[in-house]
Amino acid sequence: MLSTTFTEQFGVRYPIVQGGMMWVGRAGLASAVSEAGGLGILTALTQPTPQALREEIARTRELTSEPFGVNLTVLPTIDPPPYEQYLRAAVESGVRIIETAGSNPAKFLPYLKDNGVKVIHKCTSVRHALKAQAIGVDAVSIDGFECAGHPGEDDIPGLVLIPAVADALEIPILASGGIADARGLVAAIALGAAGINMGSRFLCTAESPIAPEVKSQIVANSELDTRLIFRTLGNTARVAKNSVSVEVVRTEAEGCEFSDIRHLVAGARGRRVFEEGDVEAGIWSVGLCQGLIRDVPTVAQLIDRMVSDGQRIVTGRLAGMLAAKEFAA
């Protein structure tokens with residue numbers, strides 16, 4: 001057992017949360033994470049309809065009796081999905097942990113709180129984390145610059161961002177971005193986090209529903225093999241380095257509108273990467289921590305390894321430092 005304020009308040013054994021990744025956060029992965037003692041997350045918008053989400057929740061519940069959550073990412077768009085219906089599908093199916101991301105979730109909170117739902121909101125800055133706390137979320141997942149997907153526009157890495165947020169907030173925080181093993185878990189706790197949120201590391205597990213070719217590519221890649229796109233458009237995203245992301249970066253450098261690169265970054269192309277295994281088919285998200293990922297374990301093996309290795313770091317290396325200092329004194 002690794003007990004923190006997060007595990008106590010959210011009812012999980014270990015302070016390890018699986019990121020709500022598009023096309024990835026499905027029943028098989030989420031249930032495996034929860035069954036192994038972490039908090040698995042289904043990605044609501046991976047499902048084509050709210051009814052499909054209800055069915056995915058039911059499948060997850062058949063695979064685990066442990067708590068799991070649902071991610072809902074709300075983004076400004078011309079033709080938005082029925083966000084409220086997805087939320088109702090989750091809540092009416094008995095889900096009591098919701099992870100929100102993107103836009104301010106304030107309009108959803110009264111409904112969620114009235115139904116006893118705990119809310120984790122993803123943020124990329126101290127100011128946004130403070131706002132999330134002020135509107136009443138229960139925990140904040142803070143993304144450092146190392147993360148996959150959208151790290152915000154401040155470019156602050158976790159080593160600074162995590163303690164800065166921990167100093168500013170009273171609610172539990174989850175460290176996200178750049179974490180792939182027990183060293184990251186222990187470091188995050190030392191920096192003031194009450195747990196961690198991992199996406200890329202869980203992407204590369206046996207239960208992850210992506211093609212094996214993508215998992216092999218992540219293992220082969222180093223920390224140098226990502227690219228930052230949409231920088232010139234004020235919506236930075238970290239994705240894997242491939243021919244498509246390189247072309248996007250080149251086009252941006254020459255000056256462009258989003259319409260000039262829309263065909264390159266279409267979500268359907270990214271979905272093809274994960275489902276068909278063609279790593280050059282489109283852009284796909286992965287973090288800097290891919291440089292630390294060297295195998296494709298089962299989720300249970302990964303979590304067990306992180307917990308046992310984390311305990312050895314604390315009781316061995318760190319305790320040894322204190323013992324050596326006391327002996328020297």
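Helix α8 gives the most to the lining of the second largest pocket in this predicted model, supplying four residues.

Sorted by class, the lining holds nine nonpolar, four polar and three charged residues. As background, rolling a probe the size of a water molecule over the atoms shows where empty space is left.

Charged side chains come next. Side chains of opposite charge can pair when their charged atoms come close. With a side-chain nitrogen of Lys or Arg required to lie within 4 Å of a carboxyl oxygen of Asp or Glu, the count comes to 15 salt bridges. One of them is formed by Asp-138 and Lys-113, whose closest N and O atoms are 2.6 Å apart. Asp-138 lies in the loop between α6 (126-135) and β6 (139-143), while Lys-113 lies in helix α5 (residues 109-114), so this pair ties together parts that are 25 residues apart in sequence.

These elements belong to a chain with 14 helices and 10 strands. How does the radius of gyration of the chain agree with that of a compact globule? For 329 residues, a compact globule would have a radius of gyration near 20 Å, and the chain has 19 Å, which agrees. Taken along the principal axes, the C-alpha atoms of the chain fill a box of roughly 65 × 45 × 35 Å.

Technical notes. Residues numbered from 1 in each chain as written. Predicted model: local features only at pLDDT ≥ 70, side-chain atom pairs only at ≥ 80, totals over all residues. Heavy atoms only, no water. Helix = DSSP H or I, 4+ residues; strand = E, 2+ residues; numbered from the N terminus. Nonpolar A, V, L, I, M, F, W, Y, C, P; charged D, E, K, R; others polar. Rg over C-alpha atoms; globule rule 2.2 N^0.38 Å.
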